[in-house]
Amino acid sequence: STSFGSLINKIKLKKPDVIYAVIVGGSNVSFYKQLKAAGITSDKQTLLTISTTEDEVLGIGGENLVGFYSAMKYFQSLQNPNNEAFVKAFKAKYGEKSVIGDVTQAAYLGPWLWKATVEKCGSFDIDKIAAASSGVEFKGAPEGYVRIHDTNHHLWSKLRIGQWQLDGQAKVLYESDLIEPNPFPKGYQ
């Protein structure tokens, strides 16, 4: 959708303590621009999203969501040696104005985890790789240390809360410890 007038009017009328936005993809551009045009900014309203990364902010413009928050496991602005080298190499290859979001970093991370698992089991056999993935660690990820869970084969990683800045980057305000993945919580189905 690209028309959020009705939703924004409801927000203005209800004045919620927090807006939890789960709009995805290109619709984010329209949503944030229309929010700002309606006078809903971070000095008047708290907004948290789990679906807006640097990739979307490139189209939205930092000025349209400055002060709002995103919850992700990765932000381009993370300050660690792995990420600094990753960002430098990425920008050298794809241009200084290119950005790296959570999804891009995950796409980079996946093959490294696969490589480590193949090396651990010494095979390209899918069943052997699946069995060997338990506990595989990767210390070179741009997001930092990650590990594959022993039984559910999902990734232990950290949660970070970033506050969007005028330049389209997030200032990381909070970082958790590694969080155990729980892809199938009781009662979910």
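Predicted model: local features only at pLDDT ≥ 70, side-chain atom pairs only at ≥ 80, totals over all residues.
**View 1. Gln76 sits in the loop between S3 and helix H4 (81-94).**

**View 2. Gly67 lies in another loop, the one between helix H3 (54-60) and S3.** Is Gly67 buried or exposed? Its relative accessibility is 12%, so Gly67 counts as buried. Not counting residues up to four places away in sequence, Gly67 touches Ser42, Gln163 and Trp164. Follow the chain from Gly67 to Ser134, 67 residues apart, and you will find their C-alpha atoms separated by 39 Å.

**View 3. Five strands make an open, mixed sheet.** Their order is S1-S2-S3-S7-S8. At the edges stand strand S1 (18-21) and strand S8 (170-175); each has a single partner strand, so one side of each has no neighbour in the sheet. Direction ignored, neighbouring strands here are turned against each other by 25° on average.

**View 4. Here we look at the pairing of S2 with S3, which run parallel.** Strand S2 (residues 46-49) is joined to S3 by 2 bridges. Which residue of S3 is the bridge partner of Thr49? That partner is Ser70. Helix H2 (residues 27-37) packs on this sheet and touches S1 and S2. The direction of H2 makes about 175° with that of S2.

**View 5. A second open sheet has 3 strands, with antiparallel pairing.** The order of this sheet is S4-S5-S6. Strand S4 (137-138) and strand S6 (155-156) are at the edges with a single partner strand each, so each has one side left without a neighbour in the sheet. Helix H5 (residues 102-121) packs on the sheet, where it touches S4, S5 and S6. Between the direction of H5 and that of S5 the angle is about 55°.

**View 6. Strand S5 (residues 146-148) meets S6 in an antiparallel pair.** How many bridges join S5 to S6? There are 2 bridges. Look for Ile148, which stands opposite Leu155 in S6.

**View 7. The largest pocket holds about 190 Å³ of space.** Its lining is made up of Ile50, Thr53, Ala71, Met72, Lys73, Asp102, Val103 and Leu159. Strand S3 (69-72) and H5 are the elements that give two or more residues to this lining. Sorted by class, the lining has 5 nonpolar, 1 polar and 2 charged residues.

View 8. From the N terminus on, the elements run α-β-α-β-α-β-α-α-α-β-β-β-β-β. The C-alpha trace spans about 60 × 45 × 30 Å along its principal axes. Taking contacts between residues at least 6 apart in sequence, 56% join residues at least 24 apart.

Terms used:
Residues numbered from 1 in each chain as written. Heavy atoms only, no water. Pairing = 2+ DSSP bridges. Helix = DSSP H or I, 4+ residues; strand = E, 2+ residues; numbered from the N terminus. Contact = heavy atoms within 4.5 Å. Axes fitted to C-alpha atoms, helices over the stretch in contact; angles between N-to-C directions. 1 Å grid on protein atoms, 1.4 Å probe; cavity = no way out; pocket = protein on both sides within 12 Å on 5 of 7 lines; lining within 4 Å. Points joined across faces, edges and corners; volume = space filled by probe spheres on them. Nonpolar A, V, L, I, M, F, W, Y, C, P; charged D, E, K, R; others polar. Buried < 20%, exposed > 50% of the residue type's maximum accessible area, 1.4 Å probe, protein only.
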